[in-house]
Amino acid sequence: MSYFYQKISKFKPTKKSIQSKKTIFILFDQLSEFHSLITDPKKEILIFIETSAKPKLRNYHKQKLVLLLTSMREFALEKANSGFEIIYHYSDNFYDEAILEIKTKFQLDQIFLLEPSEWEIGSKLEKLNFLEIITNELFLIQENEFDQIFKDKKKYLLETFYRYMRKKYNILMDNEKPIGGKWNFDDENREVFKYKDLVPISNFKKNNSKILNEVIELVNSKYKNHIGSTEIFFYATTRTEALEWLNQFIENYLPLFGKYEDAISIQYPFLFHSLLSPYLNLGLLTPIECIQAAIQSYTKKKSPLNSVEGFIRQILGWREYMRMVYLKNKIKYQELNYFNHKYHLPEFYYKGNSGMFCIDDTVKNLNQFAYSHHITRLMILSNLANLLNINPKELNNWFWEIYIDAYEWVVTPNVIGMGLYADGGIISTKPYIASANYIKKMGPELCKSCKYNPEKTFEENACPFNSLYWNFISDKEEFYKSGSRDYSYLNLKKMDKKKLEMIKTKAKNIKKEFLKI
C-alpha cells in the first residue's frame, strides 16, 4: 500500500456524512484555496479522481504527469488535514465514467463541480444530469462579459480586451489613463541578453516529499514510454511552494524580465521568465495575487514599469484573452487549417536531431524541463512548423503533450491561432513567420553554435529558415496580395527571378530531408 493511500484512506466519509453532506468534485486544475465550492469541512465532502485514461490519450511529458498527480495528492491531503472527508478515487476510465462509479458506489444523488476548463473533459461531464456545474470563477472574466466587449465585432482584438481589463480592475491606471502614458511597453522588451546582467541562481528548495518521490516512481513505471525525463524535477507542487516561487520571481527576476522578455540564451534557457504558468493553470496561485505582487514591486521602485506591465499583460491580458477565444470556438478550433497544411510533424520535434541548433537545443530543454518561454514556442518551434506546412492539429497535440503548462483552453488558441494562423485571422492579422534574421537578433548564441549560416539563403550551408521563409510567402502569394503593404511580400516581388527559383529549389530539398517525402 502506498504512503499516500495509507494517509488519505483515513479520511474516507462515513455513511452518515454521505447522507448529510454536500459532495464536491475537484478537478486536477482546480486546486485552489479560493475554490468557491470549498467552504466548510462540516458540510462538504471532496471528491478527487486519479485516472489513467487521460494520460493514455496523449504522450504527455512525464514531468507534467508528476506535477499533476503530486499537486492533486498534496492538495487532497492538505484538505483532509484541515477537516474535510475525502473520496479519492482511482480509475482506468475517463472522468465521466469514473464519477459515475463514485455516484453508484456511495449512492449519491447530486455532485457539485466548477465548470471544467477543458472541452475534452467538460463536454462529457455536462451530459451527466446528477452533476451541478457551477461557473468557474478561478478566471478573471466570464464569457457573457467578453461577448459584451466585442458585441457586433467580427474580430477579438487583444488590445481592446487588455485595455478593458486594465480599466475593470484598475491595474496600472491613473484615472482613465495608463500609468506611464502608454498601454504597453513592448518596444522596450526586446533586448538581446547581456551576460553582465547576471541571472540569479534559484534558491527555491526542491520538494523532496514522500508523495513526490512516490509519484515519480509511479510515472516512471506506469508511463515509462512517455516523453521526457524526471531526473531533474524542480517544480512546486503545493500552494506554499508556489507562493515561495512567486516571491522569488518578484524579488530576483522581475526587475529584468521586461528588458529580456524576448531574449534567448543557451546557458539560461528560462532567463528572467517566471515559470508561474503551471501554478496559475492548476489553481495553486491566483492571477490577481501575481498581478498585485508585481504592482507592489513597482510601487516600491524595485522593478521598472516595462517589466511590471509586460508581466501583467501576460496574465491580465493574454491568458484571459486566450481562454475567451477558446470558449468562443472550442473543439472546432482544433480542426482549423486555413492554409490546408498536410505534412506530419517531424520526429526531430521529439528527438532534437534536426541539425538546426535552435530547434535541437529547445527540444533538449523541453525533454528535460517540459518548458520553454514564448519566443522559442512562437518564433522557433511554431515558425518552423508553419514554414514546413505541418498539419496544425499535429503541432497542437505535440504542444499539449510536451509543455508542463499546456491545457486545451490555452494551448489550442496559442498554437492554432497565434503560432500558425490556422484560424485565418481570429487572433492575429498575419502569420508570425520569420527568417533566421529574427533568431540571430534575439538569440545570437544559437546561430553561432549552429552548422548552418544565418546569412545564407540557398547555399549548401544556408539556414533552412531563410529559404523556407521566402518559399512560404511565394507559395501564398494570393494571401499576401491582399495585404500588399507587407514588407516581406514587397521585397519578394522585387527579388530576381533566378534567385527566387534557387530559393524554392532549396526549400523543396529541405522539405524532402526534414519531412521524409
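This is a predicted model: local features need pLDDT of at least 70, side-chain atom pairs count only at pLDDT 80 or more; totals for chains, interfaces and linings use all residues.
Helix 5 is followed by Gln107, a residue whose phi is positive, near 55°.

**Helix 5**

- The 12 residues of helix 5 (residues 95–106) should span 16 Å at 1.5 Å a residue, and the distance of 16 Å between its end C-alpha atoms agrees with this.
- Tyr95, Asp96, Ala98, Ile99 and Ile102 are the buried residues named in helix 5.
- These residues lie on the same side of helix 5, because they cover an arc of only 165° around the axis.
- Thr104 and Lys105, on the other side of helix 5, are exposed.

**Helix 8**

- Helix 8 (residues 158–169) has 12 residues, which should span 16 Å at 1.5 Å a residue; the end C-alpha atoms are 16 Å apart, in agreement.
- Phe161, Tyr162, Met165 and Arg166 are the buried residues of helix 8.
- Viewed down the axis of helix 8, the buried residues fall within an arc of 135°, and therefore they line one face of the helix.
- The partners against which the buried residues of helix 8 pack are helix 7 (143–149), strand 6 (173–174), strand 7 (177–178) and helix 13.

- When neighbours within four places in sequence are left aside, Phe25 is in contact with Gln30, Ile47, Ile49, Tyr95, Ile99, Ile111, Phe112, Leu113 and Leu125.

- Helix 16 (residues 357–369) and helix 17 have axes that come within 10 Å and cross at roughly 115°.
- The crossing in which helix 16 passes helix 17 is left-handed.
- Cys358, Ile359, Thr362 and Leu366 of helix 16 make this contact with Thr376, Ile380, Leu381 and Leu384 of helix 17.
- Helix 17 (residues 374–387) also packs with helix 18 (residues 392–402), at an angle of about 145° and with the axes 10 Å apart.
- Helix 17 passes helix 18 in a crossing that is right-handed.
- On helix 17, Arg377, Leu381, Ser382 and Ala385 meet Leu395, Trp398 and Phe399 of helix 18.
- Leu381 takes part in the contact with helix 16 and in the contact with helix 18.

**Loop residues with positive phi**

- Lys301 is a residue other than glycine with a positive phi, near 60°.
- The position of Lys301 is in the loop between helix 12 (287–299) and helix 13.
- Lys301 has a relative accessible area of 76%, over the 50% cut-off, and is therefore exposed.
- Tyr421, also a residue other than glycine, has a positive phi near 55°.
- The loop between helix 19 (408–419) and helix 20 (436–442) contains Tyr421.
- Tyr421 has a relative accessible area of 4%, under the 20% cut-off, and is therefore buried.

**Gly258**

- Gly258 is placed in the loop between helix 10 (239–257) and helix 11 (277–282).
- The relative accessibility of Gly258 is 0%, so this residue counts as buried.
- Not counting residues up to four places away in sequence, Gly258 touches Glu188, Asn189, Asn306 and Ser307.
- Between Gly258 and Tyr95, the separation is 163 residues in sequence and 40 Å in space, C-alpha to C-alpha.

**Tyr438**

- Tyr438 is located in helix 20.
- With a relative accessible area of 23%, Tyr438 is partly exposed.
- Leaving aside neighbours within four places in sequence, the contacts of Tyr438 are Asp262, Ile375 and Met379.
- Tyr438 and Met379 are 59 residues apart along the chain, and their C-alpha atoms are separated by 8.2 Å.

Key:
Residues are numbered from 1 along each chain as its sequence is written. Side-chain values use heavy atoms; hydrogens and water are left out. Helices (H or I, at least four residues) and strands (E, at least two) are DSSP runs, numbered from the N terminus. The expected span of a helix is 1.5 Å times one less than its number of residues. Buried means under 20% relative accessible area, exposed over 50%, partly exposed in between (1.4 Å probe, protein chains only). The arc is that of the directions from the helix axis to the C-beta atoms. Contact means heavy atoms within 4.5 Å. Axes are lines fitted to C-alpha atoms, for helices over the stretch in contact, and angles run from 0 to 180 degrees between N-to-C directions. A crossing is left-handed if the near helix is turned anticlockwise from the far one by less than a right angle, and right-handed if clockwise.
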